Amino acid sequence: MDSLGRARDSIPAKAGVGLRFRHHQEVLESHPAAAWFEVHTENYMGGGSAPAHLDAIRRDYPLSLHGTGLSLGSVEGLDPAHLARVQNLVERIEPGLVSEHLSFSVAAGNYLADLLPLPMTEEALEIVCRNVAQVQDHLKRRILVENPSTYLQFRHSTIPEWEFLTQVAKRTGCGILCDVNNIYVSACNHGWDASEYLAALQPKAVGEIHLAGHVVRRLDGGRVLRIDDHGSRVAPEVWALYAEALARFGPVPTLIEWDTDVPPMAVLLEEAAHAAVLIEKAESGSCRALAA
Amino acid sequence: MEAAAPSLLELQRALRASLVAHDDRGTSAHVVDAGMSPAERLDVYRNTFASVLTTALRLSYPAMHRLVGAEFFERAARVFIETSPPRSACLDDYGHEFPDFLSGFEPASSLAYLPDVARLEWSVNRALHAPDAEPLDAQRLVALEEAERARVSFALHPSVSLLRMDHPADLIWRAVLDEDDAALSAIDPCAGPVWLLTERLPTGVEVRRMSESAWRFTSALCEGRPLAAALDDARDFDASVVLADHLAAGRFIDFSLNKTAVNFP
């Protein structure tokens with residue numbers, strides 16, 4: 001326990017829940033049995049009630065900060081004002097984990113409000129490594145970088161995404177936030193082998209796993225595009241891939257994310273309980289057998 | 001023929017043009033089409049860009065959204081987003097130019113009060129998200145020499161805004177959010193001007209009306225006018241009561257002492 005009376009600081013290798021505004025009051029009043037919470041960094045950058053609630057929640061739960069605005073892939077560099085806002089919140093909350101995405105969101109000074117795909121090139125790899133190193137230097141801590149779901153690929157890409165992510169971790173010392181749903185979505189959209197993706201990641205680099213629901217959009221001519229909308233329960237195929245991931249990585253902090261039509265906390269805890277069962281199996285080594 | 005590989009800078013600027021201006025000339029040649037056209041693939045990102053920012057505007061302008069209806073609001077938002085895409089990844093700060101945009105948005109020109117309601121909503125949004133700041137301890141003022149006190153310029157709490165409006169935007173705003181149609185139809189939209197103060201209290205954001213003279217006095221203080229000069233300008237009413245109220249409510253967080261001596265008439 002530290003000087004602030006915080007019982008638990010690091011994120012346990014258990015199943016946590018993505019915390020959204022609609023559940024603040026419930027968490028403060030009834031202390032649901034979640035192992036840990038993760039919030040979106042950008043939702044707590046001002047003053048007032050939102051960060052005050054977060055301070056209070058932080059006293060009772062391990063907390064992780066997950067950002068969407070740093071734009072680690074921006075060739076024009078990081079926005080120093082945004083990096084300063086992230087730093088302020090990190091200093092205020094002292095989160096167990098800090099994470100961002102392998103993507104870009106800022107170009108020519110405009111924030112483009114999405115996690116946009118990077119070309120998988122040597123140039124982009126250098127830029128991402130430069131920006132990740134700058135964030136880690138600035139925050140004086142290791143961050144995790146998450147694989148995004150993507151809906152397009154660039155013709156001039158030369159490096160598979162899993163190798164690119166592995167290189168970023170190797171060159172900067174950052175960890176990997178392995179979003180199993182995103183791997184599944186991107187693998188389906190681009191014809192990749194999701195198992196090959198998992199097998200390429202170094203187990204000791206993986207610091208967290210994300211799980212979420214996605215939507216299957218049916219286009220004309222029988223074509224299908226999977227979109228990561230975080231608006232439903234985790235798909236059965238993604239649970240199966242998660243079991244594979246645990247077999248390879250061992251027990252890892254795992255988060256249930258839900259952002260569209262956020263359901264009652266009880267539903268999120270049910271999803272987390274399902275993940276917890278698989279983590280326990282991984283701990284006892286039986287997951288390896290299940291995935292085989 | 002294969003298009004030459006773009007630099008990362010060229011590609012990121014081209015994607016910006018695809019999202020903001022729906023201009024795919026710099027992107028489509030570089031996107032793998034396998035089963036889906038580049039435009040269809042880019043549409044997925046375009047949809048997210050537009051819907052995330054429209055949602056951000058709807059959250060900052062809820063009364064506006066109800067007042068004009070979802071369809072009109074979305075139409076206005078799409079045009080606004082194209083002309084004023086965000087400059088920061090902190091979307092709580094997005095949309096402060098929306099009221100000015102509405103003033104010049106032709107389809108909204110018959111609703112003269114709309115930009116005033118939008119300005120009021122922006123002040124509420126600002127109050128919600130403004131940084132926290134400790135109120136000024138009034139004892140620090142008491143401890144000053146009288147001559148020093150005359151030269152005090154206050155620093156305002158970041159959640160506080162002062163608005164002067166031609167239309168009773170506060171009444172319209174409240175009736176719309178309360179879904180009180182009777183109150184709304186009883187409002188004379190020309191019954192202005194009104195002088196308003198928006199602030200964040202521990203219980204939530206408050207919008208209150210002020211008298212014109214109290215508002216002008218407060219406005220002078222907010223602009224950094226030295227205390228003695230501001231009090232002197234406000235001789236026609238009891239400004240000290242207004243000042244005491246501001247101090248008690250924590251609307252000032254600091255002060256500095258003006259270098260120039262104040263000229264009394």
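## Close-up views of a predicted model

**View 1. Where chain B meets chain A.** In this predicted model, 37 residues of chain B are in contact with 37 residues of chain A. On the chain B side, helix H1 (8–21), helix H2 (38–60) and helix H6 are the elements that each give two or more residues. H1(B) provides the largest share, with 9 residues. Sorted by type, the chain B residues that touch chain A are 24 nonpolar, 6 polar and 7 charged.

**View 2. The largest nonpolar core.** Here we look at a core of 147 residues. Which members touch the most other members? They are Val145(A), Val168(A), Val180(A), Leu211(A) and Val117(B). Helix H6 (residues 114–129) of chain B gives this core its largest share, 8 residues. In soluble globular proteins, nonpolar side chains tend to be buried together.

**View 3. Chain B as a whole.** Chain B has 13 helices and 5 strands. Its radius of gyration is 24 Å, well over the 18 Å that the globule rule gives for 265 residues, so chain B is more spread out than a compact globule. Along the principal axes, its C-alpha atoms fill a box of roughly 80 × 50 × 35 Å. Buried residues account for 37% of the 265 residues in chain B. Of the contacts in chain B between residues at least 6 apart in sequence, 68% link residues at least 24 apart.

Key: Residues are numbered from 1 along each chain as its sequence is written. Chains are lettered from A and ligands numbered from 1 in the order in which they are written. This is a predicted model: local features need pLDDT of at least 70, side-chain atom pairs count only at pLDDT 80 or more; totals for chains, interfaces and linings use all residues. Helices (H or I, at least four residues) and strands (E, at least two) are DSSP runs, numbered from the N terminus. The radius of gyration is taken over C-alpha atoms; the globule rule is 2.2 Å times the number of residues to the power 0.38. A residue is buried if 20 or more other C-beta atoms lie within 10 Å of its own, exposed if 12 or fewer, and partly exposed in between; C-beta atoms are placed from the backbone. Two residues are in contact if their C-beta atoms, placed from the backbone, lie within 7 Å. A nonpolar core is a set of buried Ala, Val, Leu, Ile, Met, Phe, Trp, Tyr and Cys residues joined through C-beta atoms within 7 Å. Ala, Val, Leu, Ile, Met, Phe, Trp, Tyr, Cys and Pro count as nonpolar, Asp, Glu, Lys and Arg as charged, and the others, Gly among them, as polar.
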